[in-house]
Every structure is written in structure tokens, then in C-alpha cells.
Amino acid sequence: MGLALALVLIVGATVIFHLVSPWWQTPIASNWAEMDAALGLTMIITAVAFIVINLFIAYMLVRFRHRDGVRASPEHGNKKLEWWLVAATTVGVAALLAPGLSVYAKLIAAPDQAQLVEVLGQQWQWHFRLAGKDGKMGRSDVRFVSAGNPYGLNPDDPDGQDDVLVEGQELHLPLNRPVKVLLRSQDVLHDFYVPQFRTRMNMVPGMMTTFWLTPTVAGRFEVLCAQLCGVGHPNMRGYVVVEDEASYQKWLAAQPTLAAPAARPAGGAGQAAMADAADPGRQGRLLAQARGCAACHSVDGSAGVGPSWKGLYGRTEPMSDGSTVKVDEAYLRESIVTPQARVVKGYPPVMPTPTPPFSEADLAALVAYIKTLHGGGAP
Amino acid sequence: MGYGSAQVDEHGHGPQSFWTKYVWSQDHKVIAVQYSITAIAVGLVALVLSDLMRLQLGFPGKFAFIDANRYYQFMTMHGMIMVIYLLTALFLGGFGNYLIPLMLGARDMVFPFLNMLSYWCYLLAVLILISSFFVPGGPTGAGWTLYPPQAILPGTPGMDWGIIVMLVSLVVFIIAATMGGLNYVTTVLQARTRGMTLMRMPLTVWGIFVATILALLAFPALFVSGVMMLLDKCLGTSFFMPAVVSMGQHLGHQGGSPLLFQHLFWFFGHPEVYIVALPAFGIISDLISVHARKCIFGYRMMVWAIIIIGGLSFVVWAHHMYISGMHPYFGFFFATTTLIIAVPTALKVYNWTLTLWRGDIHLTVPMLFAIGFISTFLIGGLTGLFLGNVSVDIPLSNTYFVVAHFHMVMGVSPVLAVFGGIYHWYPKVAGRMFHEGMARLHFWVTFLGAYLIFFPMHYLGILGMPRRYYAYDNYAFIPSSAQELNAYITVVAIIVGLFQLLFIFNLAWSRFHGKVADGNPWRAASLEWTTPDTPPGHGNWGATLPVVYRGAYSYGIQDGDSDYIPQNVGPEQIEEGAAQPAHHPAEGRTI
Amino acid sequence: MNASCTLQRGAPPGGPGAAALPPTPGAGSTGLWVLIGVVTMLFFLFSVAYLMRMAAGDWIVLPAPPWQLWCSTALLALTSLAWHLAAPGAALAGQMTRSAARPARAPQEALVGLACIAALAFLAMQLWAWQAMRVHYPAPANPSNSFFYLITGLHGVHVIGGLLAAGLVWLRAHGSGPIALCARYWHFLLLLWLAMFGLLFAITPERVQIICGGFQ
């Protein structure tokens with residue numbers, strides 16, 4: 001009896017939960033509303049099955065509970081009923097499969113005029129590249145990847161000279177224009193996931209994968225990595241900004257290209273050697289991004305797995321063993337080369353020893369970069 | 001064979017020591033208990049690991065010793081232990097070993113020495129796995145799916161030693177499982193007693209039998225992928241490793257395919273979930289029919305459903321790979337096969353339900369768990385329809401929807417079947433009844449707790465929260481209420497976890513203080529309940545093997561004193577008017 | 001013991017340490033078929049992995065097989081032949097009475113011994129082939145090399161397993177059943193070797209491309 005009641009309560013509670021739950025799909029920002037419709041249909045059909053069977057069981061638990069003197073029916077089954085149920089289930093399953101597959105057929109067929117956007121995944125950050133004015137992306141290969149060429153672009157390919165190499169972790173897309181996303185990875189599996197876009201795909205080193213969509217809602221959306229890619233997986237955050245055509249063009253014009261990295265102090269990700277005097281921390285910054293430091297150490301003061309580098313140089317840091325340390329060059333070098341030697345208080349001792357070890361030039365570059373990150377305040 | 005010795009006891013044994021009787025035993029019943037205790041012990045370790053994960057998810061950053069590295073290590077070990085070292089070992093090595101000979105009327109497995117070897121091999125595999133906690137770098141944190149390239153590259157915990165130890169442990173386990181599997185399959189095919197045709201076997205045996213065939217054919221795929229990954233790691237080969245730049249360094253690999261690993265892994269991995277589910281299905285069929293005093297509805301179709309599900313399980317694997325980047329056309333094929341496999345599975349759910357119709361339902365503890373199984377397996381299977389349908393899967397893949405789905409369908413319902421099965425057969429194994437009150441409390445906390453934990457989790461997945469995240473720092477699309485929900489789920493999970501100790505305590509306590517059970521307290525019709533001794537002695541049947549005259553589900557008998565007929569009762573004994581089992585005058589008739 | 005017709009194998013169990021029960025008829029045969037099925041599956045999956053990797057486009061074809069492999073193939077065939085001759089001989093012996101079986105045992109034992117020696121020679125020849133291959137085609141250099149060592153090595157492991165079983169049979173001098181089972185297993189190892197030999201050296205990427213059509 002209690003169990004029958006429990007089943008009824010479970011049915012009631014789950015239905016109520018569904019109706020009042022604040023946790024539901026994010027508002028859709030792409031053209032794939034059909035996927036939401038397929039989900040909704042599946043929800044209805046499965047909900048009906050869940051409710052009916054649970055309530056039926058609850059009913060039977062009461063109706064056919066043991067009573068003295070009453071025995072169970074001797075029946076062994078009912079072939080006809082079984083076949084009817086099989087048929088009904090098959091119809092239900094087909095009703096789910098048909099819309100699902102028809103949406104899928106559209107998902108895998110990107111329109112020819114879709115704009116190409118490349119996303120390159122790396123432990124633990126994103127790089128974005130757009131075809132330049134020639135509409136073609138330059139060829140790339142992982143063997144070209146280096147600290148100065150994180151995209152692995154083939155320096156001899158003329159098509160790549162005007163490719164737009166987006167600065168930072170924020171990609172912009174124009175509203176209402178289909179875009180085909182080309183996905184690559186230079187190290188491990190990643191997944192470019194924007195919940196509001198609905199469609200997404202894994203990024204596999206050694207091959208290129210794709211998906212396509214048409215952004216239909218303007219806004220700033222978060223990109224999450226959705227395939228476990230190591231300890232920095234939850235920190236691999238990016239952004240996509242969908243905006244009207246005019247704003248998009250303005251943003252696009254400001255992005256560096258391979259041939260013309262922007263002359264702003266923040267520097268571009270291009271290959272051309274820039275005077276280090278104009279950008280003293282550039283080499284160190286590129287190293288920090290290439291070697292994954294940026295996954296745990298922010299440069300804007302925000303909290304991360306490790307202490308932020310903003311204002312780090314010259315600060316006095318408390319250590320986990322109770323001592324304090326003034327952050328100078330020697331300390332920085334020590335904490336890069338042997339990170340487990342001393343750990344800042346309040347942070348987990350998870351920094352891996354850099355493998356391969358940094359060369360002397362690289363160490364100097366990193367330290368120089370950290371020194372350029374001024375700004376007071378606690379980490 | 002030396003029977004004539006004066007020292008031989010009534011079973012024909014020579015002098016036995018504690019070691020030969022309980023440790024180096026070749027008796028399937030002892031081996032089954034060894035498997036079960038080892039599996040449950042390592043399962044408790046995995047349970048603690050899951051609670052540690054939940055502590056981090058519910059109260060992020062509050063427990064300093066659970067950092068990102070450790071979180072992923074706990075997560076990987078939790079998953080691998082639960083799926084392989086607990087569920088597979090317990091259903092096949094525990095339930096299979098104990099029940100197959102007894103339900104078939106055999107004296108033991110056909111290869112008892114091999115059987116013993118398989119247990120010790122399994123134990124070795126467990127010890128190797130546990131040792132990964134003590135190697136430099138700790139256990140691997142690559143997720144139980146162990147995907148390359150990350151599993152063997154810097155950035156993933158345990159990439160130096162942990163992954164090697166894990167793969168070695170799996171290879172040893174697969175050898176153990178093959179040894180055991182040979183036994184189960186051959187015993188079912190060759191050692192059935194007279195009259196026990198395949199279509200008179202209880203569904204528990206059918207479930208374990210087909211699951212064993214799946215295991216024998218699927219584990220080689222894990223072996224293949226494990227060996228190849230070991231070679232990639234240790235010899236620098238490039239089976240799965242393309243050219244990569246890892247942490248700024250160009251590695252020497254080239255030309256390998258990470259997708260090849262995924263295909264091989266899931267070619268194993270999907271049958272694996274049916275290796276866990278099919279024995280559970282079989283056990284539930286038996287629990288429901290015994291405790292509702294009614295023949296399982298549609299026995300033949302149930303057998304065919306098990307066989308068809310087993311066969312189809314080999315052609316659905318890439319539904320785990322819809323967003324892997326594999327050729328898109330595969331999506332059509334695998335979505336279709338996956339939704340087809342839903343049909344025989346649904347049939348089983350209907351038949352369990354219809355068995356209750358016009359039954360004589362006794363809400364015993366095993367029956368509680370059986371009903372709990374139907375309810376939780378139902379929701380777990382239904383959410384599978386979301387994930388099997390390729391375009392519905394795409395936004396849900398790698399989110400908490402998947403986590404909730406597989407916990408319901410692998411973690412909750414088969415575990416309820418395990419509990420139900422253990423409570424059901426405990427009187428036969430231990431000769432005593434378990435403590436009723438403790439068992440009922442254990443059921444209610446576990447059943448309701450499972451819903452409380454995993455039902456809301458589906459909605460976090462629909463929202464889009466990815467799985468395998470150590471923390472969710474300030475995502476705009478995740479409301480703060482989601483964090484509160486995570487905290488609440490953690491609290492419930494820890495409570496439910498603690499209550500499992502009640503189950504362990506009950507088993508141990510009842511062994512010595514439980515009411516002495518008669519041979520067949522549930523008045524079940526299958527053969528294992530007709531042994532002359534309870535617990536059954538060595539050789540199971542005494543001097544005479546049973547003969548079988550009917551199927552295992554003769555319940556609902558309307559005339560006569562008893563509402564059931566055991567399998568070994570012949571027609572002539574029924575004509576004599578008393579539906580009593582032959583050859584066992586010592587067994588009481590409790591109606 | 002009860003001689004009732006309801007009995008199948010009613011003998012009371014013997015000592016606990018050894019296999020105390022009388023052997024189930026047919027169990028060894030069924031068990032061996034199951035094991036053969038599992039090993040077939042294992043090598044089938046390796047073959048599939050091999051073919052999928054071969055279709056990837058950067059495949060380096062293995063050279064012509066070193067002469068040692070032709071020798072080892074012959075040795076494995078010899079092993080199979082020896083077991084085949086030993087098995088019907090054993091069957092004949094089994095049909096005679098116990099006393100008459102003794103004289104027929106000697107040639108049977110000799111054949112079993114020959115089979116085991118030929119198998120050991122096979123393994124030695126395989127190792128020699130490895131030495132020859134390793135000079136120009138070391139394991140980690142490219143996938144086709146790695147597969148060569150992996151597949152032949154795994155086959156060799158199963159040969160060692162078969163030798164262990166054969167050794168037990170030889171030492172314990174069991175009757176016709178175990179020898180027939182050994183023969184079956186060794187025929188299987190020969191067929192498996194021929195299939196793997198062909199896979200490694202006779203299947204080229206072009207043939208694979210025709211079949212697979214470039215699916216990844």
C-alpha cells in the first residue's frame with residue numbers, strides 16, 4: 001500500500017517539478033528550433049508512458065494485493081496483447097525517430113553560402129580564425145604550430161595572408177547569416193558548445209569537423225568546452241557575440257590578420273617579429289598562452305585555479321606553510337620551474353611541472369611578461 | 001577417487017582445512033560469495049569516491065583536498081569500478097556462479113578449477129586497480145572512457161603511471177571474465193539436469209547466459225583498444241595518436257585516429273551496459289513472478305527479447321559518438337538501430353507489469369525492490385529515447401542529462417535488482433532470514449533517494465550544464481538556483497550512501513542472528529529452492545540429481561493445497577493429490 | 001548409489017581440492033568452441049582496427065615477408081598435422097579395451113611430442129623473423145610495423161597457451177578426448193595464423209579503399 005502511494009506521489013511530484021522547474025533549456029539563439037520541437041515531442045511521449053505505467057502499477061499493487069483465500073490467475077501470457085503492444089511501441093518509436101532524423105538531415109548539410117569560421121582548440125583556450133576578404137582560409141598543419149604561430153598556419157600559403165586571427169577568447173558573428181564552423185584541435189579532444197545554439201561538435205586532433213547554424217538572436221553567449229580535455233577543462237571558457245551587421249563589420253575591421261598584426265600594444269597573434277620595445281611582454285604572453293598557463297592564471301585579477309598574475313610582481317604573498325614571500329624574479333622562476341616547492345595559501349597544489357622545461361630565454365620572457373602586469377589589489 | 005577411506009565424511013570429502021574449504025575452493029557457491037564480497041567491497045570504495053565528487057559539486061572549493069586533479073581521478077575510478085569491477089563482476093561472477101548450477105540442477109560449474117582461477121584473477125585485477133592510488137601521479141583522471149589523446153598526454157592526471165596501471169588491470173580483468181564466461185556458457189549448454197530444456201530455464205539464467213555471451217564477444221574490443229593505447233603510451237606508437245602539440249611541445253606521434261579508439265571502446269561499451277542489464281532483467285522477472293505468485297507474463301517472448309536485445313546491442317554503439325566527429329551518415333544508422341532496440345526492451349517492461357495483473361502480490365522486501373526496479377528502469381530507459389535520437393542528443397550530449405540517464409539505468413535500477421536478488425536468495429545462501437525492518441528501511445531510503453538525486457539532474461542537463469566539470473564559475477546562463485540544487489543533491493546522496501551500510505550490516509548480522517530459514521521460504525518453483533540442505537552442501541543435490549518436468553513458473557495453481565508446483569515435481573505426484581516435491585520429505589510446506 | 005533411472009551423474013563428490021566431479025560429457029568440446037569464438041573475435045577486432053587504420057591514407061606497406069615466416073608457417077602446419085595424426089590414433093585406442101590400448105599409446109605420445117617440438121620451433125622461428133624485421137622496420141616507426149609485431153605477438157601468446165595445455169596432456173597422458181580437443185585448437189591456430197599472415201602481407205590500402213570507400 002505504501003509503495004502504491006509512493007508511486008503515485010512520484011508521478012505527481014515529477015509532473016509538478018517539470019512544470020515549475022526553473023531549469024530548462026536556455027532561450028534558443030539559432031535556427032534550430034526544430035531540435036527543440038523534437039525534444040518536446042519526446043518529452044510528451046515519454047511522460048505519457050512514465051505516468052501511465054507507474055499509475056497502472058500503483059493500481060495493481062492495491063487491487064491485487066495478497067488477500068487470504070485468493071490465488072493468482074494461472075494465465076501464462078497473451079500473445080495477441082503482446083503483439084499489439086509491440087506494434088504500438090514500434091509506432092511510437094517511429095513517431096520519435098522520423099522528426100529526429102529529418103532534423104538531422106538538415107543539420108549535416110550546411111548551405112553553400114555559409115560563412116566559414118574556424119575554431120582551434122587547445123588545452124585550455126580557444127582560437128578563432130575567419131577567412132579574409134578573399135573568402136578562403138589558408139592551409140594549416142599542426143607541424144607549423146609554435147609560440148609565435150598558434151594557428152599552425154602554413155606561411156607559404158597566399159590564401160592565408162588575409163585570414164583574420166581573432167584576438168582573445170571572444171568571437172563575433174553577424175546576425176541572421178548562416179555560418180559553418182570548422183573545428184580543429186592541436187592537442188586533445190575538445191567540444192565547442194554554446195547551449196543557446198543547440199548544435200555543436202567535438203574537435204578532434206588530426207581531422208577537421210564541422211557544424212553549421214544561423215544565429216538568430218543578438219547577444220553575448222558563453223562557449224563551454226564539452227569534452228573532457230584534462231584538468232583545465234572547466235576553465236576553457238570563451239564567448240560568442242552575435243550582433244547586427246554594422247557592429248560586426250566594425251569589430252572585424254579591428255581584428256589583426258596574419259599579414260598585418262595590429263600595432264596596438266596588446267599585440268596580435270601574427271608571426272611578424274615586432275619590436276619588443278613596443279610590446280615588452282609579448283613573447284612571455286604568447287608563451288603563457290601556448291603552454292597553458294593562461295588556463296589557471298588570469299591576467300585581469302579574476303580568481304582562477306591559480307593566483308592571478310595581475311599585480312603579482314612585487315606583492316607579498318602568504319604561503320601555505322604560514323611563511324610570507326615577496327614576489328621577485330627569483331621567486332617567480334622557482335615557482336615556474338618547481339611549482340610544488342612552495343604553494344600560495346588558499347590555492348591547491350596542482351600546478352604541473354612544466355614539461356618540457358622552459359629554456360632560459362623562455363623563463364626570462366615569462367618573468368618579463370608578469371612584470372608588465374601592473375595593477376594593485378589582492379588577487 | 002578414494003571413496004573408501006574411513007575418513008571420508010557423508011559428502012565423500014577427505015579432511016578439509018579452512019583454506020581448501022573457504023579460500024582455495026572450487027565450489028561455485030564459495031566462489032560466488034568471494035566474487036560478491038570483493039565486488040561489494042570495491043563498490044563501497046567507489047561509493048565513497050562519488051560522495052567526495054558530490055562534496056565538490058555541492059560545495060565547490062570548500063574541501064581543499066578535492067582539487068581538480070583529484071576530482072577527475074575520483075570520477076574516473078568511481079565510474080570504472082562501478083561499471084566493471086562491481087556490476088559486471090557481481091552479476092556474472094556473483095549471481096551467475098551461485099545460481100546457474102543450482103537453477104539447472106547441476107552439481108557445480110563444468111570447469112571448477114578454471115572457475116577458481118577466474119576469481120583469483122579478478123581479485124588480482126582489483127588489487128592492481130587499487131594500487132593506482134599509490135603510484136606516482138595517482139590514478140588516471142581521463143574519465144572511465146579513457147579517451148586518447150588526453151588520457152596519455154600532459155594535462156590529464158595519471159598520464160604517466162595511472163593510465164598504465166588502469167589498462168593492465170583491465171587486461172587482467174578481461175582474462176578473468178573470459179575464464180568465468182567459458183564456465184557459465186558451457187555449463188548452461190552442457191550441464192542441465194534431465195528434463196531441463198533451454199525453454200524451461202528460469203529467466204535469471206537466460207539473462208546471465210546471454211550477458212555472458214555478450215561479455216565473451218565484447219570484452220575483446222576493450223582488450224584491443226587497451227593494448228593499443230598501452231603501446232601508444234609505452235612504445236610511442238600511433239594507433240590513436242595523431243600529430244599533436246601538447247603543452248607547447250611537438251610530439252613524435254603521427255597519423256593515429258582518436259576515433260578508432262572510440263569505435264573500439266563503444267563496441268565494447270554498449271554491450272557492456274547490457275551485460276549489466278540483462279542479468280538484472282532476468283532476476284527481476286523471477287522476483288516478480290515468485291512474489292506475485294504468478295507465471296511471468298509471456299515467458300517465450302521474454303526469452304526472445306533477451307536474445308534480440310543481446311544481438312542488437314552489437315549494432316548500436318555509435319550512439320555514444322553522435323558528436324564525436326565521425327562520418328555524419330553513421331548518425332542515421334545508429335539512431336535507427338538504437339530506437340529499434342527500445343522495442344524488445346519496452347516489451348519486457350510491459351510483461352513485468354502485466355505479470356502483476358491478477359496476481360497475488362506479496363509486498364515482501366524482494367518485491368519492493370522489483371517494483372522499484374521497474375519504476376527506475378522505466379525512466380532510465382525512456383530518457384534513453386532522448387539520447388538515442390541523434391538530433392535530440394546533440395544538445396544533450398556530455399551534459400548532466402546523460403549523467404542522470406546512465407545513473408538511473410545502470411546505477412540505480414540494476415543496483416535495486418542486486419539488492420532485491422540478494423534479499424531474495426539470502427535465505428538459501430545463508431540459511432537464515434534477513435532482518436525485515438532494516439531491509440525495508442534500506443529500500444525506502446534507497447528508492448526514494450534515487451529519485452530525489454537523479455530526477456532533478458535531468459533538468460540541469462536540459463539547461464545545458466556540461467558533465468565532468470570540476471566547478472561552474474559564474475556562468476551567466478546557469479542560475480544560482482542550479483548551485484543550490486547541486487548542494488541539495490549532494491546532501492541526499494551522502495545520506496543515501498550512508499544508508500547502504502545498513503544493508504551490509506543486515507547481511508552480516510542476519511548471518512548469525514537471523515531467524516533460521518526453511519529451504520523455500522518464498523515457496524518458489526525453481527530448482528535452487530529444492531536442494532536437500534540449506535545452505536546447499538557441496539555437490540548441491542545429495543545423492544540424487546533432480547529431474548525436471550515443467551518450467552520454472554508454475555504458479556497460480558487454483559486446486560489443491562498449494563498455489564505452485566516446483567519444477568521437479570512429476571505428473572504422477574500431482575495425480576497423487578498433493579503438489580509436494582519429491583525426494584525432499586524434510587522440506588516443510590508453508591502456505 | 002541409487003541406480004534409479006532418474007540419475008544422470010549421481011556419484012557423490014570426491015575430495016575438494018581436485019575437480020571432484022565426474023566430467024560433464026561434451027563440456028570440454030563446448031568450452032573449447034567458446035574459447036575459439038572469443039579468440040576469433042579478438043583477432044577479428046584487431047583486423048578491423050588494422051584495416052581502418054590502413055584506410056587513413058598515410059599507410060606504409062610492409063615489405064615482402066621475411067623467409068623465416070614461410071618456415072614458421074610450415075612448422076605450424078607440421079604441428080597441426082602431428083596433432084591430426086595423434087587424434088584419430090587416440091580414438092582408435094579408445095575403442096579398444098584397456099589392455100589393448102597400451103601398445104597404441106607409444107606412437108600417439110610420439111606424435112604429441114613431435115607436435116609440441118614443432119610448435120616450439122614455430123615460436124623460435126617467429127622470434128627470428130622479429131629480429132629480421134626489427135632491423136629496418138622497428139615497432140614504433142609507423143603503424144603498419146606496430147601492427148605486425150602486435151598481431152604476430154598476440155598469436156604467439158596463444159600458441160604458448162596451447163603449448164601449456166598440450167604439455168599437460170602429454171604429461172598426464174589422458175585419453176582420446178583431450179587429444180582431439182588439442183588437435184582442434186591447433187588447427188584453429190594454424191587457420192588463424194594463415195588469416196593474419198594474409199592480412200599483414202596481402203591486403204593493401206587500395207583493396208581496402210575499394211571496400212571501405214573512405215569511411216572514417
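The following legends describe close-up views of a predicted model.

View 1. Strands of a sheet pair through backbone hydrogen bonds, in either a parallel or an antiparallel sense.

**View 2. The pairing of β5 with β8 in chain A.** Strand β5 (residues 179-185) of chain A runs antiparallel to β8(A), and 5 bridges join the two. Within this pair, A:Lys180 has A:Trp212 of β8(A) as its bridge partner.

**View 3. Strand β9 of chain A and its partners.** Strand β9 (residues 219-225) of chain A is largely enclosed by the rest of the structure, because 5 of its 7 residues are buried. Strand β6 (residues 190-193) of chain A pairs with β9(A) in the antiparallel sense over 2 bridges; here A:Tyr193 stands opposite A:Leu224 of β9(A). Strand β10 (residues 237-243) of chain A also pairs with β9(A) in the antiparallel sense, over 6 bridges. In this second pairing, A:Val223 stands opposite A:Gly238 of β10(A).

**View 4. A positive surface patch with residues from chains A and B.** The patch is formed by A:Arg63, A:Arg65, A:Arg67 and B:Arg358. Of these residues, A:Arg65 is found in the loop between α2 (33-63) and α3 (79-107) of chain A. A:Arg65 counts as partly exposed, because its relative accessibility is 37%.

How values were computed
Residues are numbered from 1 along each chain as its sequence is written. Chains are lettered from A and ligands numbered from 1 in the order in which they are written. This is a predicted model: local features need pLDDT of at least 70, side-chain atom pairs count only at pLDDT 80 or more; totals for chains, interfaces and linings use all residues. Side-chain values use heavy atoms; hydrogens and water are left out. Two strands pair if DSSP finds at least two bridges between them. Helices (H or I, at least four residues) and strands (E, at least two) are DSSP runs, numbered from the N terminus. Patches are made of residues with over 30% relative accessible area and no salt bridge: like charges are joined within 9 Å, nonpolar side chains (Val, Leu, Ile, Met, Phe, Trp, Tyr) within 5 Å. Accessible areas come from the Shrake-Rupley method with a 1.4 Å probe; for residues, only the protein chains shown count as cover. A salt bridge is a side-chain nitrogen of Lys or Arg within 4 Å of a carboxyl oxygen of Asp or Glu. Lys and Arg count as positive and Asp and Glu as negative; His and the chain ends are not counted. The place of a charge is taken as NZ of Lys, CZ of Arg, CG of Asp or CD of Glu. Buried means under 20% relative accessible area, exposed over 50%, partly exposed in between (1.4 Å probe, protein chains only).
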